[in-house]
Amino acid sequence: MTSQTTIDTTGPGGKAPADPSDATPAKGLRGHPWFTLITVAVGVMMVALDGTIVAIANPAIQKDLGATFAQVQWITNGYFLALAVSLITAGKLGDRFGHRQTFLIGVVGFAAASGAIGLSDSIALVVTFRVFQGLFGALLMPAALGLLRATFPAEKLNMAIGIWGMVIGASTAGGPILGGVLVEHVNWQSVFFINVPVGILAVVLGVMILLDHRAENAPRSFDILGIALLSAAMFCLVWALIKAPEWGWGDGKTWAFIAASVLGFALFAFWETKVKEPLIPLALFRSVPLSAGVVLMVLMAIAFMGGLFFVTFYLQNVHGMSPIDAGLHLLPLTGMMIVGSPLAGAMITKLGPRIPLAGGMAATAIAMYGMSTLQTDTGSGIMSLWFALLGLGLAPVMVGATEVIVGNAPMELSGVAGGLQQAAMQIGGSLGTAVLGAVMASKVDSDLAGNWTSAGLPPLTAAQEAQASEAVQVGVAPLAPGTPDAIAAKIEGVAHDTFISGMSLASLVAAGVAVVAVFVAFLTKRGENAQAGAGAAHI
């Protein structure tokens, strides 16, 4: 039978208990906070890795299964769409049924879907099981945060979230390296099969170690209409962001889905004021620090994911690096996130979140400005400097914004808060890729024709220019077979210079977003409700 600890999050008058040690301590391995952290980190690592590792495998999947480019895009889009739409609802499931059970179901489902992808012999099956990966990943991520919130005392929570953020950051940035090694030396299926033993390990550890914690006033019913309205609104928003690069930002379909999303969010907000047990009590957003934490997570993800998106093309297509070499060149970013996240957790515990968050976003802004100065001949040393500064800046934001969101939510809504944190990051990443991609496309379109003419190359037709622009946006020279070497060198120079101008402008926009985030960071403060879940297990 599953061991359980019931935590009363309210004291007299609805206040959080003054002494978190009132909660029953766990004994032995079960419920031990540091072992709990190791367990959830193993599970979370699978989901974070799959956000980037699959991109390296896409070309091999396309060739092996005879898929079109549009079909291959859905390997990523299907996963992201299912994950982003389901996160908040999945967090609510954890609050209702317990985060231990939700986490274990998520791990089992994610690992099983991964194995099924590796056994798939058609692109339709790959995309289908990627959607299931996203759904089970959505169960897993908020539950992991809920377990940490319930298990760690308040004075240790920031350190725990720091290590949790380190795992996510390292896994995200390390995905391309591991993916490159597996695809190059094994096969594309191994990118998915690797999740099976990792999932088995997480389940074994989870059964042995995780302790279920439930607040006495946890939700007892489901806001079905609220779930439907929020899911529809999130779907329309994410769909618009995914399709905007293809449709164009001025296209009526793009704005129709954005309008439908706004309407869906408005109807959801109205309904949440009427239902007895809402999916997301809107009173949650009366907390200025929590709301600021959500906004900060979105802005951070815009700068981080949007900027990183172009860097991979810069390293591989402009500098001609292999996927493995490109991943190795990003090690300064990964390394600083690994080193910086636990340190940021300790700093936030001592100073509070405002100064580390504002400083982190300021460092991110400087790093993005530095990346706007990269050229076709920039050396590895200069690149490493800016990548390292970016990792150093992101670490306190990943840790601090998560603590601000989860710590300022009531214990019985810790799953919903975890879902909010992850949804904010996913939407921010999508916004960053879409908006900065539009900035890149606009700059390339405006500069390409002039650069092409200045190089003395033959004029392009409108159709040829459109095709060339698409190639240049990812740093590829639009070379026709049999192009003479002298002409090819000129075309390559134009393509790379034009790509650099677009990446520079996109990086400056990302730096501007980071500057805005500096001011948002000053609205945050330490989680008022962090003590509610603390002390449930011994340190």
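Which residues does Tyr314 touch, not counting residues up to four places away in sequence?

1. Tyr314 touches His319, Leu374, Gln375, Thr378, Met383, Phe499, Ile500 and Met503, leaving aside residues up to four places away in sequence, where a contact means heavy atoms within 4.5 Å. The model is predicted, so local features need pLDDT of at least 70 and side-chain atom pairs count only at pLDDT 80 or more, while totals for chains, interfaces and linings use all residues. Residues are numbered from 1 along each chain as its sequence is written, and side-chain values use heavy atoms, with hydrogens and water left out.

2. For the protein as a whole, the secondary structure comes to 18 helices and 2 strands, these being DSSP runs numbered from the N terminus (helices H or I with at least four residues, strands E with at least two). Of the 539 residues, 57% count as buried, that is, under 20% relative accessible area with a 1.4 Å probe and protein chains only. Among contacts with a separation of 6 or more, 85% join residues 24 or more positions apart.

3. Tyr314 also belongs to the largest nonpolar core, which has 134 residues and in which Phe103, Leu296 and Tyr314 touch the most other members; such a core is a set of buried Ala, Val, Leu, Ile, Met, Phe, Trp, Tyr and Cys residues joined through side-chain atoms within 4.5 Å. Helix α11 (residues 288–318) gives the largest share of this core, 18 residues. Apart from it lies another core, of 16 residues, including Ala57, Ile75, Val191 and Phe192.

4. The axes of helix α9 (residues 224–247) and helix α10 (residues 252–272) come within 8 Å and cross at roughly 160°, the axes being lines fitted to C-alpha atoms over the stretch in contact and the angles running from 0 to 180 degrees between N-to-C directions. That angle makes α9 roughly antiparallel to α10, a term for angles over 145 degrees. The residues of their contact divide into 18 nonpolar, 4 polar and 2 charged, counting Ala, Val, Leu, Ile, Met, Phe, Trp, Tyr, Cys and Pro as nonpolar, Asp, Glu, Lys and Arg as charged, and the others, Gly among them, as polar.

5. Helix α14 (residues 354–371) packs against helix α15 (residues 380–407) at an angle of about 150°, with the axes 8 Å apart. Residues that meet there include Pro356, Leu357 and Gly360 in α14 and Trp386, Phe387 and Leu389 in α15. This contact divides into 17 nonpolar, 5 polar and no charged residues.

How values were computed: Buried means under 20% relative accessible area, exposed over 50%, partly exposed in between (1.4 Å probe, protein chains only). Angles under 35 degrees count as roughly parallel, over 145 as roughly antiparallel, 65 to 115 as roughly perpendicular and the rest as oblique.
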